[in-house]
Amino acid sequence: MRFGAGLRHVCLEYLAVCEGDLVAAMTPKTSGISVEPITAAHIDSFHRALDLVAREKKYLSMLEATPLLQTRAFVTGMIAKGNPQFVAVIGEEVVGWCDISRHFFPSHAHRGKLGMGILPTYRGQALGRKLISRESSKRASS
Ligand SMILES: CC(C)(COP(=O)(O)OP(=O)(O)OC[C@H]1O[C@@H](n2cnc3c(N)ncnc32)[C@H](O)[C@@H]1OP(=O)(O)O)[C@@H](O)C(=O)NCCC(=O)NCCS
């Protein structure tokens, strides 16, 4: 079976998590990554990225991704509500994300909860800063 370039990146990420820094050091870095608003087409890949960061069991409240259907409902809900959610992608594979869930009560709707994560290989190279600055400009314009 032949894999696309994006899927190969994600496979390498799984290896990096399993085998540590050696594989991580061998994988490509941030060139060719674009930051864009999430769409329905990103959901499967976003789900894989979320699962990978969650399974590190260090950073997120969840210890694995929510089931795909639930993740799909979350993302489509974010899009429907106009909540900012950006993804960093290589090809069609998500390698990072940043979102803000607006507070439920209308009187607090100017506030929200930030969620973000980046696959291990791509951390520490200003991608998080790039994602969050796209979030800020979206918030400022809405
Ligand atoms: C946290 C995370 C999103 C940051 O993204 P990144 O691309 O690695 O960060 P950047 O390279 O853009 O760094 C931006 C700034 O954040 C700081 N930073 C990065 N990771 C940090 C961390 N875990 N704790 C505190 N500061 C951190 C950097 O030092 C840098 O500060 P500086 O500009 O003053 O030097 C990313 O490392 C990640 O996904 N970590 C695992 C998941 C996680 O912790 N998610 C957040 C919980 S919701």
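This is a short tour of the structure above, one selection at a time.

**Before you click**

You're looking at a predicted model, where local features need pLDDT of at least 70, side-chain atom pairs count only at pLDDT 80 or more, and totals for chains, interfaces and linings use all residues. Residues are numbered from 1 along each chain as its sequence is written.

**Stop 1: the whole chain**

Show the chain as a cartoon. There are five helices and four strands to find. Here, helices (H or I, at least four residues) and strands (E, at least two) are DSSP runs, numbered from the N terminus. Walk along the sequence and the order is α-α-β-α-α-β-β-β-α.

How much of the chain counts as buried? The share is 27% of the 142 residues. A residue is called buried if 20 or more other C-beta atoms lie within 10 Å of its own, exposed if 12 or fewer, and partly exposed in between, with C-beta atoms placed from the backbone.

Now think about contacts: two residues are in contact if their C-beta atoms, placed from the backbone, lie within 7 Å. Of the contacts in the chain with a separation of 6 or more, 59% join residues 24 or more positions apart.

**Stop 2: helix 3 and helix 4**

Select residues 43-54 for helix 3 and residues 68-81 for helix 4; their axes come within 10 Å and cross at roughly 115°. The axes are lines fitted to C-alpha atoms, for helices over the stretch in contact, and angles run from 0 to 180 degrees between N-to-C directions. Helix 3 and helix 4 are therefore roughly perpendicular to each other. For such labels, angles under 35 degrees count as roughly parallel, over 145 as roughly antiparallel, 65 to 115 as roughly perpendicular and the rest as oblique.

Is the crossing of helix 3 and helix 4 left-handed or right-handed? It's right-handed. A crossing gets that label if the near helix is turned clockwise from the far one by less than a right angle, and left-handed if anticlockwise.

Next, show side chains where the two helices meet. From helix 3, pick Ile43, Phe46, His47 and Leu50; from helix 4, pick Leu68, Thr71, Arg72 and Val75. By class, this contact of helix 3 with helix 4 has five nonpolar, two polar and one charged residues. In this scheme Ala, Val, Leu, Ile, Met, Phe, Trp, Tyr, Cys and Pro count as nonpolar, Asp, Glu, Lys and Arg as charged, and the others, Gly among them, as polar.

While you're on helix 4, click Gln70. Gln70 counts as exposed, with 10 Å around its C-beta holding 11 C-beta neighbours. Draw a distance from Gln70 to His47: the pair is 23 residues apart in sequence and 9.8 Å apart in space, C-alpha to C-alpha.

**Stop 3**

Back on helix 3, select Ala49. Ala49 counts as buried, since 24 C-beta neighbours sit inside 10 Å.

Leaving aside neighbours within four places in sequence, Val94 is in contact with His42, Ser45, Phe46, Ala49, Val87 and Val89.

**Stop 4: two positive phi angles**

Go to the loop between helix 3 and helix 4 and find Lys57. Lys57 isn't a glycine, yet its phi is positive, about 60°. Lys57 counts as exposed, with 10 C-beta neighbours inside 10 Å.

Then jump to Ala126, in the loop between strand 4 (112-118) and helix 5 (127-141). Ala126 is another residue other than glycine with a positive phi, near 70°.

**Stop 5: around the ligand**

Select the ligand and show what surrounds it: 14 residues, of which the closest are Tyr59, Ile118, Arg123, Gly128 and Arg129. A residue is near the molecule if its C-beta atom, placed from the backbone, lies within 6 Å of it. The elements giving two or more residues to this shell are strand 4 and helix 5. Strand 4 supplies the largest share, four residues. Colour the shell by class and you get seven nonpolar, five polar and two charged.

**Last stop: Arg134**

Finish on helix 5 with Arg134. Arg134 counts as partly exposed, with 19 C-beta neighbours inside 10 Å. Beyond neighbours within four places in sequence, Arg134 is in contact with Val35 and Phe86.
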